[in-house]
Amino acid sequence: MTDIVKMKGMNKYFGKLHVLKDIDLTVAKGEVVVIIGASGSGKSTLIRCVNGLEEFESGQLEVDGHPLAPKSGNPKSLADIRKEVGMVFQQFNLFPHLTVKKNIMLAPRKVKDASETIANATAERLLNRVGIASQADKYPSHLSGGQQQRVAIARALAMEPRLMLFDEPTSALDPEMIGEVLDVMRELAKEGMTMMVVTHEMGFAREVADRVIYIHEGQIVEQGKPDDVFDNPQNERTQAFLSRVLAH
C-alpha cells in the first residue's frame, strides 16, 4: 500500500523548546490516523508540518511523493503539497464577507484554475455532501458553529485532496454541535479518504481510526489499533493519560 506521508527522524523546535523529537511515522493511502495526547504535546505541530505551515529543523518529510527539506523546504514541493492536502482547523477561518457557496468556490477557482461554472457545481455538490445545501447563499455569521465547520470541511474538499488534516475540529464547538461534524468525518473515512486527525474525542478515535498514536512531550510513545491502545495500553504514560481523559 502506498504511503502518503513519510516522516523519518523529524525534529521541530520553537526557539530552545524541542517540540517534536525524532518523529518516525508513515500514513498509508486510505488510512485514518488519530493523534491523541495532552495539550502542548506537539500533536497540532506535527500535522502542521505536513502541509508546511510549520518548518522543521532536521529529519525527513515526504508528502504524496513530494519531499520537504528542513527549514524553508522546497517551494515547488510545498506548492504541490498544498494543492493535494486539505486542512480543517479549530477555528473555521471562513471569509465573513462571502456567502457559504462563494467561500467554497474560492479553492477550485484560485488553486485549481477551475471555471466559474465548474466551481459553482463543485460547491453545490459538496454542500450537499456535508448536509447543508440549504445554507448556500447565507453568510457565515448566520450559521451555527457546527454548520460553519462543515462549510470549512467542504471548502477543504473542494481542493480534491489526497489527504485531509484535522486539527481539533470540534474543540471550538458547543457540545450539541460536535456530533454533526464528526458524522461528516465518519463518512469521509468510510469513503476511503486518507486522514490525520488531532482530537480529544476518544469515542470517535475508537470508532473510526485505523491507528491511534499517543504523543507525550513531542515523542510518539505508543501506537496501535484503537482497541489495543484504549483497552490495553503498554506505556505507563499512555495509561496515565487515558485514565484521566476516559474518567470524564
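1. A crossing of two helices is called right-handed if the near helix is turned clockwise from the far one by less than a right angle, and left-handed if it is turned anticlockwise. In this predicted model, the term applies to helices α3 and α4, whose crossing is right-handed.

2. Helix α3 comprises residues 100-110 and helix α4 residues 116-129; their axes come within 8 Å and cross at roughly 125°.

3. Which residues of α3 and α4 meet? On the α3 side they are Val-100, Lys-101, Lys-102, Ile-104, Met-105, Pro-108 and Arg-109. Facing them in α4 are Glu-116, Ala-119, Asn-120, Ala-123, Glu-124, Leu-126 and Leu-127.

4. Attention now turns to the strands. An open sheet is formed by four strands in the order β2-β1-β4-β5, with antiparallel pairing. Its edge strands are β2 (17-28) and β5 (66-68), each of which pairs on one side only. From one strand to the next, the twist averages 20°.

5. Within this sheet, the pairing of β1 with β4 can be followed in detail. Strand β1 covers residues 3-14 and strand β4 residues 58-63, and five bridges join the two in the antiparallel sense. One point of reference is Lys-8, whose bridge partner in β4 is Gln-60.

6. Is strand β9 largely enclosed or largely open to the outside? Strand β9 spans residues 211-216, and five of its six residues are buried, so the strand is largely enclosed by the rest of the structure. Buried here means under 20% relative accessible area.

7. Strand β9 pairs with β3 and with β10. With strand β3 (residues 32-36), β9 runs parallel, and four bridges join the two; Ile-36 has Tyr-214 of β9 as its bridge partner. With strand β10 (residues 219-224), the pairing is antiparallel and extends over five bridges. In that pairing, Ile-213 stands opposite Gln-223 of β10.

Definitions and conventions
Residues are numbered from 1 along each chain as its sequence is written. This is a predicted model: local features need pLDDT of at least 70, side-chain atom pairs count only at pLDDT 80 or more; totals for chains, interfaces and linings use all residues. Side-chain values use heavy atoms; hydrogens and water are left out. Buried means under 20% relative accessible area, exposed over 50%, partly exposed in between (1.4 Å probe, protein chains only). Two strands pair if DSSP finds at least two bridges between them. Axes are lines fitted to C-alpha atoms, for helices over the stretch in contact, and angles run from 0 to 180 degrees between N-to-C directions. Contact means heavy atoms within 4.5 Å.
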